[in-house]
Protein chains: 2
Amino acid sequence: MINSLNRFVPDSLIPYQGIKKGERKLINEVISKNKEKLVNSISEVFDIIPIQSGMTISFHHHLRNGDDVLNMVLAEIKKRDLKNMVLAPSAIFPVHAPMVELIKNQNITKIYTNYINGPVSDIVTQGFLKELLVMDTHGGRPRAIESGELTIDVSFIAVPTSDKDGNGNGIDGLSACGTLGYAISDLMYAKKKVVVTDHLVDHVNKIDIEAKYVDFVISVPRIGDAKGIVSGTTKPTKDPVQLKIANDTAKLIDELGFIKEGMSFQTGAGGTSLAVAKAMQTLMIQKNVKGSFASGGITDFLVKMHEDGLFERLYDVQCFDLEAVKSYKNNPNHFSMSASKYGNPYDQPIVDQLDIVILGATEIDLDFNVNVTTDSHGNLIGGSGGHSDTAAGAKLTIITTNLLKSRTSMVKEKVTTITTPGETVDCLVTERGIAINPKRTDLIEKLKDSKLNIVTMEELLHKAKSIAGIPQPKQKSDQIIGVVRYRDGSIIDSIYKV
Amino acid sequence: MINSLNRFVPDSLIPYQGIKKGERKLINEVISKNKEKLVNSISEVFDIIPIQSGMTISFHHHLRNGDDVLNMVLAEIKKRDLKNMVLAPSAIFPVHAPMVELIKNQNITKIYTNYINGPVSDIVTQGFLKELLVMDTHGGRPRAIESGELTIDVSFIAVPTSDKDGNGNGIDGLSACGTLGYAISDLMYAKKKVVVTDHLVDHVNKIDIEAKYVDFVISVPRIGDAKGIVSGTTKPTKDPVQLKIANDTAKLIDELGFIKEGMSFQTGAGGTSLAVAKAMQTLMIQKNVKGSFASGGITDFLVKMHEDGLFERLYDVQCFDLEAVKSYKNNPNHFSMSASKYGNPYDQPIVDQLDIVILGATEIDLDFNVNVTTDSHGNLIGGSGGHSDTAAGAKLTIITTNLLKSRTSMVKEKVTTITTPGETVDCLVTERGIAINPKRTDLIEKLKDSKLNIVTMEELLHKAKSIAGIPQPKQKSDQIIGVVRYRDGSIIDSIYKV
């Protein structure tokens, strides 16, 4: 056999057929991966795929309360009056209020998410969602997707900067939000992947979204409202009660021997959490200790600690402010991590390498079970996010909260909803004392000579009751509207209609 | 149904069963991904998998002529006297001489590689390999692997730094070699993946090899000889003939209008190539031009241009020296790319975005076909690597070579072996003139008033003949021992026994 270069080719092999420079002519002349991916609108992509009633559609929440993309898709579902749609956004915010009408009309009948807040949480609490709400964790969601348990038909991925092939990132453009960790499982596992961008460029530098996984690219005027995307700057609290809690927490960490070379640390973006980080910073400098990594959602405060050499690395699933976005762009040891790498228990996650995590609570009970999913009336107000993932993974899990808020005790006999099992929670720090989980006899032993105010959970409950009185027992409805699903897929608790 | 927290769980769902902090107890108590991966030796991993006669084993070549890992595996194949093994290393170097005996004894009967040099190439040229040698390109190899055409049973991946789970990179440790681009397809697609490291650490900062793809980790005293891994420093030539070629090349690029804002560029690590880069650097500074990216194997010279702001980004499949390794570690816009992202035509590769590539040749013919696979006697001495990938992708493909070497013309009527089809080659620059591919009428038009010595390929051949005489026509053997496979899988040429 002779090929187009007039060279002999052994039989059974494919002879070279010649190419014209600049044309991508390959053996298969039409290669889907090289096809034009740009489509004009959300509506057009609904027609092309096509998106039909009953399908599962997913989203990430990096644009937070500034997200326009989920709402664009909702508008199209409404226009077409598709029914029985399943939504799997990694979180739902007040901005997603248009979903309320679609739930009432049974356009949307099932939701998987890790966090829910605002009008949608209200309507779900009231029992309007036809099927059970599944509240996953940040690590549990990628587990469900990657194991095939949660099959996504179409993922709409908001990408702040993309080229026409779908190579993209979150660090440039008007809607820059930083790392895109929550989108990665969807990108890799959804049947069809649609990138929605408001910053279409010729070349993308840092490629966090790889074109080879992308089926369609849509350029729109705006994917989000910058004011809702990043919170600007996040600062440690100046409230004296919270400052006491923060300082006591840092002292506790120190007395337990966790301020040490190579320590790793995670905390949230709240004022108390950052005050803990600030107090720890002082101790680390005093002791000349250098940590290995800080992880989770990253704030400017952690960026500063990293740049000052206090943490060697940052593992960032989500940038909380513009300083974090900038750092991710410029600091070589500020790494993006996917939600799976962050918390999926089957992916050797970063949470399992954590030494210390500082977490909040809306309720905590005598068994150290924590609720961040509902309020004490049972209304949905949040969800685990990474709460139970990090609590399980970290060697030292500390909950910080005021004992009393608005004359209500945060410590309960039983929490309304369990988000995080007490057996993964080690300490509670309040302004009126610190309780250590009796299962952690090793920690209790280390604190036997401590000057910190170590108390039992029962004592905290008693103190709270003596100040705020005994709350009326609440009558639970027996209609289950959702479940709290643990990172391994098992069910922690049910959520009831209010 | 009631779970271990005494909470009600709707039927048909899996109740939470409790965990003990610090233990990774999940629904499936034994999770292969979390199993101990450390094994004691290459021999042990042969037993566990098990590795048997007829299997396909792959390797990457980032340790180049300092690689110990392929040889360790060869020793085990020899010890066990396994037969009919298929090897798929991305390149073969003189250090792999122990392979000769295994080819003679038919322990190894088939080889896929992108580059072959040294005693193994000699023995293959002599016809000792039982089946056809397949010479792939750097982009064609991942295409073959990812398309399922080349199925790898076990990949042994040399990783200069790894943790016990197999998270690793090439930037730290005694055998640091930089990016690990050639290993990525093997890592993702081989049936079993074995990481071999000589620097086992607790935590890995930058994760280029992801543990979730890794089945086994072996810690050995040494994966390679540092002297053979990196070439130290790579410098532009000082040879006056090569300098003339380099300067003319830069002038040619300029006259063709390619020195312009946003330009992208690739060249090799040879002295002439770097002299071209140096001459281009001068022009870029004079014209105040900033390039978008340089790609391919990265050298300290390109690092310097990047750090000086002359190229915004580096896309690095392989670090050629220690400065490149250091830059990859520290410069946020120095990116690793997989071989697939580099050259796989089905993966929107970086080569298809290139403006300019500078390449070498051992022969080039009147049709602009280039040979870098054999010498003019037909002896295997190299292979495409990224030669034909970049030639096809770049808007301007320039071959630079001395017209005469050791009184032999580099320009031939027909090259002995075609590595890169002439239809993808645009210009040849020699010390005695510059030939432009007649198919590129656009380039010829731009050069019509040029003061450069523009000649035809026929004139160059004539000049060479008038100086060095007319070479004896060579008699080809008709026994085919291998094939040159293009990046799309079609066959460019056959390779004959000598």
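Buried means under 20% relative accessible area, exposed means over 50%, and partly exposed is anything in between, with a 1.4 Å probe and protein chains only. This is a predicted model, in which local features need pLDDT of at least 70 and side-chain atom pairs count only at pLDDT 80 or more, while totals for chains, interfaces and linings use all residues. Residues are numbered from 1 along each chain as its sequence is written, chains are lettered from A and ligands numbered from 1 in the order in which they are written, and side-chain values use heavy atoms, with hydrogens and water left out.

**Stop 1: A:Thr267**

Start by selecting A:Thr267, which is buried at 3% relative accessibility. You will find A:Thr267 in the loop between strand E11 (264-266) and H9 of chain A; helices (H or I, at least four residues) and strands (E, at least two) are DSSP runs, numbered from the N terminus. Setting aside neighbours within four places in sequence, A:Thr267 touches A:Ser273, A:Gly297 and A:Ile358, where contact means heavy atoms within 4.5 Å.

**Stop 2: helices H8 and H9 of chain A**

Now show residues 240-255 (H8) and 271-287 (H9) of chain A, which pack at an angle of about 45 degrees with their axes 8 Å apart. The axes are lines fitted to C-alpha atoms, for helices over the stretch in contact, and angles run from 0 to 180 degrees between N-to-C directions. H8(A) and H9(A) are therefore oblique to each other; angles under 35 degrees count as roughly parallel, over 145 as roughly antiparallel, 65 to 115 as roughly perpendicular, and the rest as oblique.

To see the contact, display side chains including A:Leu243, A:Ile245 and A:Ile253 in H8(A), which take part in meeting a set in H9(A) that includes A:Val276, A:Met280 and A:Leu283.

**Stop 3: A:Ser384**

Next, select A:Ser384 in the loop between strand E17 (370-371) and helix H13 (387-393) of chain A. A:Ser384 is buried, at 9% relative accessibility. Beyond neighbours within four places in sequence, its contacts include A:Asn114, A:Asp136 and A:Thr419.

**Stop 4: salt bridges**

A salt bridge is a side-chain nitrogen of Lys or Arg within 4 Å of a carboxyl oxygen of Asp or Glu. The count over all chains comes to 60 salt bridges.

Pick A:Arg7 and B:Asp493, whose closest N and O atoms are 2.9 Å apart in a salt bridge. This pair crosses between chains, from the segment before strand E1 (38-39) of chain A to strand E26 (residues 491-496) of chain B. A:Arg7 is buried at 8%, and B:Asp493 is buried at 1%.

Back in chain A, A:Arg143 and A:Glu149 form a salt bridge at 3.0 Å, N to O. A:Arg143 is buried at 6%, whereas A:Glu149 is partly exposed at 43%.

Finish in chain B, where B:Asp172 and B:Lys329 form a salt bridge with closest N and O atoms 2.7 Å apart. B:Asp172 lies in the loop between strand E8 (168-169) and helix H6 (184-189) and B:Lys329 in helix H11 (residues 322-330), so the pair ties together parts that are 157 residues apart in sequence. B:Lys329 is partly exposed, at 32%.
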